[in-house]
Amino acid sequence: MRTSIATVSLSGSLTEKLTAASRAGFDGVEIFENDLLASPLTPEEIRARCADLGLTIDLYQPMRDIEAVPEDEFARNLRRARHKFELMRRLGTDTVLVCSSVSPLALDDDALAAAQLGRLADLAQDFGVRVAYEALAWGRHVSTYDHAWSIVEAAGHPALGTCLDSFHILSRGSDPKGIEDIPGERIFFLQLADAPLLAMDVLQWSRHYRCFPGQGGFDIAGLLQHVVRAGYDGPLSLEVFNDVFRQAEAGPTAVDARRSLLVLQESIGLAPLPEPVVPTGIAFAELVTPDAEPVAAVLGALGLARTARHRSKPVDLWERGTARVLVNTGPAARRDGTGLAAVGLESPDPEGAARRAEALLAPLLPRRRAPEDAPLDAVAAPDGTELFFCATDRPELPNWRTDFEAIEYAETAGGAEGRVDRVDHLALTQPWHHFDEAALFHSSVLGLNGQESVDVADPYGLFRSRAVTNSAGSVRIALAVGPAPTEDETRAQHIAFATDDVVAAARRIRAAGGSLLPMPANHYDDLAARYEFTEGELATYRELGILYDRDAQGEFRHCYTRTVGRVFFELVQRDGGYQGYGAHNAPVRLAAQHAQRPLR
């Protein structure tokens, strides 16, 4: 189906919004009246700009407070409408959105509303315009789609139809199945928006918290199925009021928006896409740094060894078991410290994963490589992290490890207890305006399952996190957005290594000269009140800075290194069926990190 987006969904000037919509691949736009009024271009110039960009103008909106008003007020409304219809003719669009009235002058009189909308449609028809009547969820007398349709049906005018808006329908808890009773040709327009499930005034909910399909809690796919069964064949259009989107760059937001529509259509069989190829593990995490010494000291203390070096690039491989970290000191490294630049994802079908990514508007990244280097496909996540699709040590497929030459190294001393052997999870703190986009990207492009969002208190605000995982739990990525996006300490990423004995691992780190992030004594006093521990257990956790959590499935013990640049490391021990990430402990950890200056 054709796709469209309301200009109110994007930031910037009208021309910036139109350019972003075109580059993202939209077929058309809704022109929001405020955007037109603020534009220096004439309606004719806007029409020509859209044509040059390959965009149709599918809707002009909104006209407010038109119907069910006293006759003198309606006469003024018709005068206003005449001017707008003339404007629409200059714009080259033939459909106008009329919202159900919120005016205190509006009367609770469906017959009057139908009669006046019919007269409005008469005037619209003279200009070649159709009127799409929409029920606002907070409308004074008309607030549900079936009520709006009954008025349209009563008016019986060919130039009057209804506009369906998923937010207005689902925010009120209306049953969308009744949409199938509306003739498809009388559904003049469809607007789509998702939203998180919030208990708040519906007007404020609508104006500030809408998001793109798949980023909230509404069943947009179910609603769309009913609309398609009704016979609607117009565009799928996004109308999203969101404070974050309105401040973010228009280009990436438009790409995120269109990706949401591609995934939505795929979910109900309207747009076939390459099948998701779900990653099965973490092949490596790549750090870039201007100085390898600080991070090398931490990796060594964690028990990883420098085992190989890239043939043609200044990249070292540190590993133990399947826990692998690449340390890159190339010229692209930031001068302000170590950062997580790339993640290798084990893929059952790297080429298939790349096809899926490209189909969902995540084009493959250009990569500088020597002729003998393994051909690896990579795409950029919304935060800029490069994601490589890997097939480690599988002889039938290109293997990134063949780019590395082994070097001699000494095995670390000590027994097997407390050794790290794999990556438990990665935590990627997102720029403030990419959180919802990142969640949709990782679920749609990578096929990971999104978990519920969790909010935790940071000393300087609220820290929001949402994990995405595969079904086996062998890939866990915790996406987060912090309260102070300009601070690198807040935006630090981290790599969590799994161990079977976090106490032994912590002691091993100390013995190797490493240091762990100290935790406040008050945390352990609280643990003593909440749980019962064996003799000396809590004292050990206090000594080593180990945090503890428990749920109905199992137990979780974890500790942290100090931050190196913009990266820190975590050691985790999961017992039983514990699947979380110690969210209860996050405020303690965040406060402890704010109190410590990062290493460089």
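Author: A salt bridge here is a side-chain nitrogen of Lys or Arg within 4 Å of a carboxyl oxygen of Asp or Glu. Bear in mind that this is a predicted model, so local features need pLDDT of at least 70 and side-chain atom pairs count only at pLDDT 80 or more, while totals for chains, interfaces and linings use all residues. Residues are numbered from 1 along each chain as its sequence is written, and side-chain values use heavy atoms, with hydrogens and water left out.

How far can you trust it? The average pLDDT (the predictor's confidence in each residue, from 0 to 100) is 92, and 96% of the residues score at least 70. The stretch to watch is 485–490, where pLDDT is below 50; beyond near neighbours in sequence it still makes 13 contacts in the model, a contact being heavy atoms within 4.5 Å.

Now the setting. The protein has 17 helices and 25 strands; these are DSSP runs numbered from the N terminus, H or I over at least four residues for helices and E over at least two for strands. Its C-alpha atoms fill a box of roughly 90 × 60 × 40 Å along the principal axes. Of the 600 residues, 57% are buried. For the wording: buried is under 20% relative accessible area, exposed is over 50%, and partly exposed is in between, using a 1.4 Å probe on protein chains only. Taking contacts with a separation of 6 or more, 74% join residues 24 or more positions apart.

On to the charges. Searching the whole structure turns up 30 salt bridges. One of them pairs E180 with R229, with 3.4 Å between the closest N and O atoms. This one ties together distant parts of the chain: E180 is in the loop between helix 7 and strand 7, R229 is in helix 9 (residues 220–229), and 49 residues separate them. E180 is partly exposed because its relative accessibility is 28%, whereas R229 reaches 53% and so counts as exposed.

R394 and E396 make another, at 3.8 Å between the closest N and O atoms. Here R394 is partly exposed at 23%, while E396 is exposed at 58%.

R476 and D424 also meet in a salt bridge, 3.5 Å from N to O. Again distant parts of the chain come together: R476 belongs to strand 21 (residues 476–481), D424 to strand 17 (residues 420–430), and they are 52 residues apart.

R186 is buried yet has no salt bridge, and the nearest side chain of opposite charge, E185, is 6.5 Å away. Setting aside residues up to four places away in sequence, R186 touches W149, V152, H157, L160, G161 and T162.

D291 caps the N-terminal end of helix 11, with a side-chain oxygen 3.1 Å from the backbone nitrogen of E293. That is a polar contact: N or O atoms within 3.5 Å, within protein one able to donate a hydrogen and the other to accept it, with sequence-adjacent residues counting only if both atoms are side-chain atoms. Helix 11 (residues 292–302) has V295, A296, V298, L299, A301 and L302 as its buried residues. V295 has a relative accessible area of 1%, and apart from neighbours within four places in sequence, its contacts are L287, T289, V327, T338, V564 and F569. After helix 11 comes G303, with a positive phi near 100 degrees.

Definitions and conventions. Lys and Arg count as positive and Asp and Glu as negative; His and the chain ends are not counted.
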